[in-house]
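I opened this notebook to record what I looked up in one structure. The entries follow the order in which I consulted it.

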Amino acid sequence: MPNICIHGLCINGQGSYQCYCKPGYTGDSCDQDIDECLSSPCKNGGTCQNLENNYECTCIEGFEGKDCSININECASNPCSAGSTCVDGIASYKCVCQEGLSGPHCEINIDDCESQPCAHGGRCTDALNGYACDCAGTGYTGASCELNIDECASQPCRNGGSCFDDVNDYRCACYAAFTGESRSTSRLAWPKDNNVSRQYIYGGKEMCCSIAKAGQQGNG
Ligand SMILES: [Ca+2]
Ligand SMILES: [Ca+2]
Ligand SMILES: [Ca+2]
């Protein structure tokens, strides 16, 4: 006798029979495979394959799971440099860099010295989203070497001499009776004071500190 219930169990009755189908089959003779793909169980563009009492999804790139409902976290491997923010996408990721960094993985430290921010010949050292200026020897100070140091602050001109600030230097206007060691011999570089009691001397330290010897005063 042929099997009347192809994928099921046949129960004999009074002049009749009843088929009880195995899971996944239907029909009077349990001959029809139920298509589990009809309910579209595969999400996010996955492809469904009908199986016996089951289905199988083939996911597109970037998704996983029985129903392709899991967006794979491409940020899990921490592809962006430290301090940057990784934004997960579909089969992709994007790095949002902190200030001062650039590049696909925020791996490039932007050269903040490129704009030459250190004035007056100060030496620039790049940092993260900033720079440091070494103003040594320039006669200037400040974050960008923008401030002319007041060399008169220490009041180097003695005996009533007037101090004039210069770059990395100062000059004193001395009364004629006084002079001092001078780095520069260019006394002529400065106009003679109409008040003949003073002469300008360029450079030097401890200016106007001593009484000029005969022959040293009033030249020029
Ligand atoms: Ca993803
Ligand atoms: Ca930088
Ligand atoms: Ca100065």
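I began with serine 40, which sits in the loop between strand 4 (32–33) and strand 5 (47–51); helices (H or I, at least four residues) and strands (E, at least two) are DSSP runs, numbered from the N terminus. I noted that this is a predicted model, in which local features need pLDDT of at least 70 and side-chain atom pairs count only at pLDDT 80 or more, while totals for chains, interfaces and linings use all residues. Residues are numbered from 1 along each chain as its sequence is written, and chains are lettered from A and ligands numbered from 1 in the order in which they are written.

I looked up the phi of serine 40 and found a positive value near 50°, in a residue other than glycine. Most residues other than glycine have a negative phi. Serine 40 is exposed, with 10 other C-beta atoms within 10 Å. I used these cut-offs: buried means 20 or more other C-beta atoms within 10 Å of the residue's own, exposed 12 or fewer, and partly exposed in between, with C-beta atoms placed from the backbone.

Asparagine 44 lies in the loop between strand 4 and strand 5. Its phi is also positive, about 55°, although asparagine 44 is not a glycine. I recorded asparagine 44 as partly exposed, with 17 other C-beta atoms within 10 Å.

**Cysteine 42**

Leaving aside neighbours within four places in sequence, I found cysteine 42 in contact with Thr47, Cys48, Cys57, Asp67 and Cys68 (contact: C-beta atoms, placed from the backbone, within 7 Å). Cysteine 42 and aspartate 67 are 25 residues apart in sequence, yet their C-alpha atoms are 4.7 Å apart.

I then turned to strand 1 (residues 8–13) and strand 2 (residues 16–21), which pair in the antiparallel sense over 6 bridges; pairing requires at least two DSSP bridges. Cysteine 10 has cysteine 19, in strand 2, as its bridge partner. The two strands form a hairpin with 2 residues between them, and glycine 15 in the turn has a positive phi of about 70°.

**Whole chain and record**

I counted 0 helices and 21 strands in the chain. Of its 220 residues, 17% count as buried.

UniProt, in an unreviewed entry, places "domain: EGF-like" at residues 1–31, 33–69, 71–107, 109–146 and 148–184; its positions follow the numbering used here, feature names are shortened, and annotations may be inferred rather than shown by experiment. Residues 33–69 are 0% helix and 35% strand, with end C-alpha atoms 26 Å apart.

Methods:
Two residues are in contact if their C-beta atoms, placed from the backbone, lie within 7 Å.
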